[in-house]
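Dear colleague,

Please find the structure below, handed over for your study. My notes on it follow directly after.

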Amino acid sequence: MTNSLISILLSVSFLFISIYAKKYHLFGDEQLSTATTTKDERLLVDVDIYNRPYVLPYFLRQLEQFTCPCSQCYLDFHLYHVFNTTAENDTSRLLNEWVSAMKKSTQSIFASITIHEWTAKSKDDQSNRLRDVMKRTSELDVTYVAMFDSMIILFEPEKLLSRLISKDKPLMAPLLRSTKDMYTSTFYLNDQQPSGYNNYKQIYERKKLGCFLVDGGIKDFYFFNFNYPQIRNVFLNNQTFDEPQQQYAIDLLARQSSIPTYVCNRELYGYIPAQFLEALYDEAAIHDLYIHMIIEHQLNGPLQTYLPPIERTSLIHMSPSKEKTKFGLDEIYVVNLLRRTDRRQHLQATFDILNISVRFFDAVDGKETVNQAYLERLQIRLLPDYEDPYNRRPMNYGELGCFFSHYFIWEDMIKNKYSNGVLILEDDVRFDPYFKYKLEKILSNRSLDWDIIYLGRKIMRADEENFNNTTETFLIEPSYSHWTVGYALSLRGAQMLVNEKPLQKILPVDEYLPIMYDHHPNESWKSHFSNRKLKAYAFHPAIITPTHYFGEPNYISDTENTTILGRNENNGAVPSPTVLSVDVVIPQKQIDENAAIKKDEL
């Protein structure tokens, strides 16, 4: 009897605490629910479609994967049709093609799919747009409305709507993050309270998880819950929508009416393209930022693995894209180890999206190909007195394999007489959003005299760089630099590099290149090479970087983790290898002190 009474008291106490914990935010920022879910609830998905046909294959595929958590779900498109351009006509054709296919499909979860053409010519378009959606909400008698833009990319779209309903907020947005820093999100700060930035950053970086009241506003994605009377009164029963010349933004109405707005980040919801003020009305820049978002997604796998490309719908037929570009060069080489099929697959998908034509070049594998017999067959000789300046060791097999890979490309370029130059990329390359635009602009200038152009590099002596002396807007003359992640090379430059017979005095390739444009600090090493006249430039800032950096968690190097040669003896002949180290580990602090540059300075 006593035990039963105790159990009852504990149950009642727990119920009491649960109710008041939610009401008074004892365990977080969740608001007391006023909703009761019923099978009669309906949901409207309302999407803005701008005249950017390139987004439709990705976006429409996400809609195909939606599931309906209510008794009925509806899909409305607002198609902006203003100038009758080719892009507008293509967008309209593709969208109508998809809607027609979906209406015939047994897989569609939408009770109706409607396209509303929107001219967007008048000054009160914003209020008209909101008014029309609320009118549809009343007509359909829906409980929830999800309004968003077709430029976004959603994770797990099949779970999205049920997740948003489960948050039970009057007005909210799922956190969508940019793939380039924090230039955009689905929420923003109140300009009058900049002290909230740290809180904003913690939410954006998901160091705090949950649903959070926003001190500012939400944008780009709105989820309305009409179970809340205040939401109905402000957005459904608002007679001022019919007044001419009134401008109403959703977040402004919410603030004026003291409606709490939330951003939720417990789940990973997806991406939204980075937004820059200078790119707001530049369609080429908007395109580049969207494509950057698509390709960056693949780099966000766990433990430095690659994610598969974002899926595209098969229900529409895109017009054939123009021929893949080589930027006016004769060839674009991508150095790739045969055993790194993950990198090859990732980069092939990336180049397909960027519409770039490349040739994968099988790299010389320092782990599996280079050995004593291989070195003797090539009659390799080491540079006298060479020692890695940071790790204090001779070259390793990985560095030798890297040099051979680049050297054989130089020879291939000379053999094929590639007079227009080539681009050489390594398979851990990461592209800047404006990579194509900037590279096309530079290489289209046939009057520019160059032998090598670094697309990305590690600046070794920042104090020797002349950052203010630019050439053709984007280029500077580089000082001492490391990395061969990506560079353009002229035929004249390749001939100079090969004619110096570097295999007879070999050192790492990213030490050899600055020697050959005569900006290396080691005079002894330089003295072994006579024709140090490469005409060198470098993009500043860089338009490519490595996908990962030494010292980052789970960093794996195909160059460093290889057998190290013994000390240089016998007049430069390659000695038998000595395994001095298998994993070369050097403190990040030491790298930073010697390199004189930080990652964000690249």
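I begin with strand E13 (331–336), both faces of which are covered: Glu331, Tyr333 and Val335 on one side are buried, and so are Ile332, Val334 and Asn336 on the other. Here, buried means under 20% relative accessible area, exposed means over 50%, and partly exposed lies in between, using a 1.4 Å probe and protein chains only. Because six of the six residues of E13 are buried, this strand is largely enclosed by the rest of the structure. Helices (H or I, at least four residues) and strands (E, at least two) are DSSP runs, numbered from the N terminus.

Please note that this is a predicted model, in which local features need pLDDT of at least 70 and side-chain atom pairs count only at pLDDT 80 or more, while totals for chains, interfaces and linings use all residues. Residues are numbered from 1 along each chain as its sequence is written, and side-chain values use heavy atoms, with hydrogens and water left out.

The sheet

E13 belongs to an open sheet of seven strands with mixed pairing, in the order E14-E13-E15-E21-E17-E22-E19. Two strands pair if DSSP finds at least two bridges between them. At the edges are strand E14 (359–362) and E19, each of which pairs on one side only.

E13 runs parallel to E14, and four bridges join them; Tyr333 stands opposite Arg359 in E14. E13 also pairs in the parallel sense with E15, over five bridges, and the partner of Val335 in E15 is Glu426.

What is the direction of E15 and E21 to one another? They run antiparallel and are joined by four bridges, with Val422 opposite Leu489 in E21. E17 and E21 are antiparallel as well, joined by three bridges, and Tyr454 has Tyr487 of E21 as its bridge partner. From E21, Gly486 and Ala488 point one way and Tyr487 and Leu489 the other way, and all are buried. E19 and strand E22 (residues 536–539) run antiparallel with two bridges between them; Ile476 is partnered by Ala538 in E22.

The helices

Helix H12 (residues 397–415) lies across E13, E14, strand E15 (422–426) and strand E21 (486–489), at about 160° to E15. Helix H13 (residues 435–443) lies across E15, strand E17 (452–454), E19 and E22, at about 155° to E22. Axes are lines fitted to C-alpha atoms, for helices over the stretch in contact, and angles run from 0 to 180 degrees between N-to-C directions. Contact means heavy atoms within 4.5 Å.

Two packed helices are described by the angle between their axes and the distance between the axes. The axes of helix H2 (residues 56–64) and helix H3 (residues 86–104) come within 11 Å and cross at roughly 20°. H2 and H3 are therefore roughly parallel to each other (angles under 35 degrees count as roughly parallel, over 145 as roughly antiparallel, 65 to 115 as roughly perpendicular and the rest as oblique). Leu56, Leu60, Leu63 and Glu64 of H2 make the contact with Thr91, Leu94, Leu95, Trp98 and Met102 of H3.

A loop residue

Thr179 is placed in the loop between strand E6 (171–174) and strand E7 (187–189). Thr179 counts as buried because its relative accessibility is 18%. Leaving aside residues up to four places away in sequence, Thr179 touches Tyr271, His292, Met293 and Glu296.

Yours sincerely
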